[in-house]
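Have it open while you read.

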Amino acid sequence: MFNDKETFKQVFRERLIGNLGKPLAEASNADVYNILGSMIRERAGSNWADTNQKYKADKDKQVYYFSMEFLIGRLLGNNLLNMGVLELVREGLTDLGFTLQDVEEEEADAGLGNGGLGRLAACFLDSLASLQYAGHGCGIRYKYGLFEQKIVDGYQVELPDYWLQKDNVWEVRREDKAVEVRFWGRVETDAKDGELIFTHKDYEAVRAVPYDIPIIGADHRHVNTLRNWSAESITQPSRTLGVLGGTDYHKYLEYKRSVESISEFLYPDDTEYEGKLLRLKQQYFLCSAGLQSILRTFGKLGLPYEELPNKVALHINDTHPTLVIPELMRILMDEKGFGWDQAWDITTRMVSYTNHTILSEALEKWPLQMVKELLPRIFLIIEEINARFCGELMSRYPGDQDRIAQMAIIHDDQVRMAHLAIVASHSVNGVAALHTDILKKREMRLFNEMYPHRFNNKTNGITHRRWLLHANPELAGLINDSIGTRWKHHPQEMIGLIKYCEDASFQEQIAGIKRRNKLRLAEYINSKHGVWVDPDSIFDVQVKRLHAYKRQLLNILHIIHLYNQIKDNPSMDMVPRTFIFGAKAAPSYHLAKRIIKLINTVADVVNNDPDIKGKVKIFFLENYSVSLAEKIIPAADVSEQISTASKEASGTGNMKFMMNGALTIGTMDGANVEMHEMVGDNNMFLFGLRAEQVLDYYQHGGYNARDVYNGDGRVKEVLDQLITPGPICSHTQEFETIYHSLLDNNDEFFVLKDFASYVETQVEIDLAYRNRKEWIKKSIINIGHSGKFSSDNTISRYASEIWNIHPVLL
C-alpha cells in the first residue's frame, strides 16, 4: 500500500477524500486516526489471512491463551512500529499538518484489565506473534473497561469507561463464528449401550459473538488473533420464554438485560451473591465460547480427536478460566462420545496453568450450590473429578484425612479453582523464582509432593517493543547507534551496553534523554495540575494497582515523615524530590480508596506549604492506564517496588522501569530478586524484611505493631497525624481506618516493621543521586541487563518447555 513517505501521503489524501469526502484542511485528528487505522488493518490483512492459511495447511500446533483480562492499551503506535512504518508515518503526518502524538490520543485506551495480569497477557500476545508462534488470545469484549477514575476533593470516583463509545477500528465482528453457551436448567441421565448419556435440558441460552483483533508481530510477517467474545441474547424470544417460565414479553426483556450484563463490564463487585454469580457466568461464558470455537476449527482439519493434544494447547492465565477443564471434558464426553478416561487423558495433556498469586482472595473458591444451579452439567463433572482425585489420595495416603481435606477440590461446600487447575494440568508454573519456590515449599507443598515434576518457573516478561522502542524512541535510537539493531529481535544483546557504562559521552547522552523525558512529563503534569515540576528533581514513581500489600501506604508515610523533617529544619539539605503516584483501587476496597485520599491530602498540604520551598512535590495522576504509563515510565529516576516480601508474585512494572533506566528501591520480592542477581547491591536499593522472615512471622507470630509505634518516635509522630486534627487530618475520623489497620489489625503487611529500613534507604538514594556520573552508570547497567526480562524470552520458554510449539515460518 505504501513503502515511502510520499506514497503514504498520496494514499492518505485519496482515502480521506474518498472515505470522508473532506479536503485535508477540514480533517480532524479523529478523522486522521480512523483513516490511518483502516489503512494499517488493510495492510496487515493479507498477512493475517496468510498466517491463518499457513496454520491450516501445515496443521501446526497452536496455543490458545485464556485470560479474563487483556490490558491492551492503544494499538496505533505499536502496530505502526511492528509494521516498520512508524517513522515514515510520523514524518508524513507532520508534512500534512498533523502530529502522530495528537492522532494517537484519539484512540481509546482499551482497559480490559486492572493491572499486571492483563498487561502480561497483552505482552505475551505481542511476543507470540513476533516470534512467529501460532498463538491466540481468548477474552471477553467488555462493553466497559475497569472504570474511569476521577479524583474529586481527593477521593476516587468511578465513572464508566466506555471505551467503545467510538467504533473500534481494529476489531472485526465474526457473525458467522457465533456459538451458544448454556446456563441453568437440569441434566437428565439415560443409559445407552451400557453407557451413561447426559442431556442438558431447560437451559437458558446465550449467544456468544466473537470480535477479532489482529495481533501484528514484529516486521508484520506474522499476524495472530485476539478473539474477544460478546454476550448477546438469542434473537428468537420463543426459544427462551418457555425456559423462563411463561410467554410474558417482559420476561424476555429481563433475560436480554441479564445476558448483556455478562460482557458489560470487567470484574463486577463480588461482595454480594449477585456479583459472585455474574463473575462465575463470565468465566464459564469465556471458557465455553472459546473452546467451542477452538474445537470447531480443529474439526475442520479432518483429524481424529485423539490428536487434539498434538495440535492444540490450552493455557489458563490464573484461576479465572479454570472452567476450561470441565467444559472440555463435557464436550469430549457428551458431544464427541469419549469415555471418561480418554477425555481426561486428552484434557490433562492439553491444559497448562499459570499461578499468579498466593493471596487468598485471588485463589478463587465458588459456593458449591451456585455452581450446581448455574452450571448443572459442569458441576457433575467437577464432582466426579473431585471424587476420583480424593480416591487417589486415599489410596496413596491411607488414613490421612487432614491431607485429603487440604487438597480436595470440593471442600466445605466450596469449589477450589486453584486445586482443580493443578490436578487437571500437565504444567503449573509460577512467575518468578521466589514465587515458584514459595508455591512448591509452602502454599502448594502437598500438591508438589504428589506431582513433583508438574511445577516449574517462568519468570514474567514485558514486550520491549512497546515499553522501549515505542515508549522511549530516543533511548532506543541511542541503543541502535551504540550496539546495532540485533537487540530488537534478540533483546538479551542489550547486555552490550554495559561496556559504555563509564563512557562520558554515552553517559551524557543517556542523561540528556532522561531529562527530555522528564520535561515531557512535567509538561503533562502542568497541563493537568497547573503546577510546574522541576525536571532536575528526583522523579520518584510508584504506579500500579492500589493494594495494601503493594504498600503505597509505606511510601506516603515516609513522605509525611520527610515533610515533618523539613518543617522542623527548613534549611535541611536534600535533593528536591517529586513523588508521582498512579493507581486505581477496586470500587469496594475501602482501605485502598482511603489511602488514595491520604495521598491527595498530603499532596495538597505539602505542595502549598511555603516552608517546603519546592523541595518536595507530590502528584497523584488520575486514571492510570497503559498510555499514561508510557509517559511516566521513561521519565522516572526511581522505581518504587516496595511490596511486602513474599506477596508480589513477580511484578512487571519493575521490569519496565529498569528497561528505561530507573533505579529500583524495593524489597527482595518477586522478580526484584532476579534483578538483584543481575545488577547486584550497588545498582539497586534494597530494604526491609526478606520473604522467609515474613513467612516466619505469619507462621509463628512474634511481631507486634504497637511495639514499633511505641519504640520509634518517627512512626508515632506520623501515625498520630492521621487521627489528630491538623494540616493532614481535618477531622479525627478521616484516616482512622488506616490508623487501625496498622495498629489494631497488627499491620498485616509489615508497613511499620519496614519503615525504618525504608527511610534509611531513601536517604541513600538522596546521597547517590548527587553523584550524577555514578547514578547514570547504575542506570546504564540496569538498561543493559533488562533484556533478560523481555517477554520474548519468557514466551520462548513457555513454547519449548510447556506448550511444545515451534515457530511457523511464513
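1. First, the ground rules. This is a predicted model, with local features needing pLDDT of at least 70 and side-chain atom pairs counted only at pLDDT 80 or more, while totals for chains, interfaces and linings use all residues. Residues are numbered from 1 along each chain as its sequence is written, and side-chain values use heavy atoms, leaving out hydrogens and water.

2. Look at the open, six-stranded sheet, ordered β22-β21-β20-β23-β24-β25 with parallel pairing. β22 (616-620) and β25 (685-686) sit at the edges with a single partner strand each, so one side of each has no neighbour in the sheet. Strands are DSSP runs of E, at least two residues; helices are runs of H or I, at least four, both numbered from the N terminus. Pairing takes at least two DSSP bridges.

3. β20 (residues 538-543) and β23 (residues 638-641) run parallel and are joined by two bridges. Valine 541 has serine 639 in β23 as its bridge partner.

4. Where does glutamine 132 lie? You'll find it in the loop between α6 (116-130) and β4 (135-140). Glutamine 132 is buried, at 10% relative accessible area (buried is under 20%, exposed over 50%, partly exposed in between; 1.4 Å probe, protein chains only). Leaving aside residues up to four places away in sequence, glutamine 132 touches Arg221, His222, His806, Pro807, Val808, Leu809 and Leu810 (contact is heavy atoms within 4.5 Å).

5. Valine 152 belongs to strand β5 (residues 148-152). At 42% relative accessibility, valine 152 counts as partly exposed.
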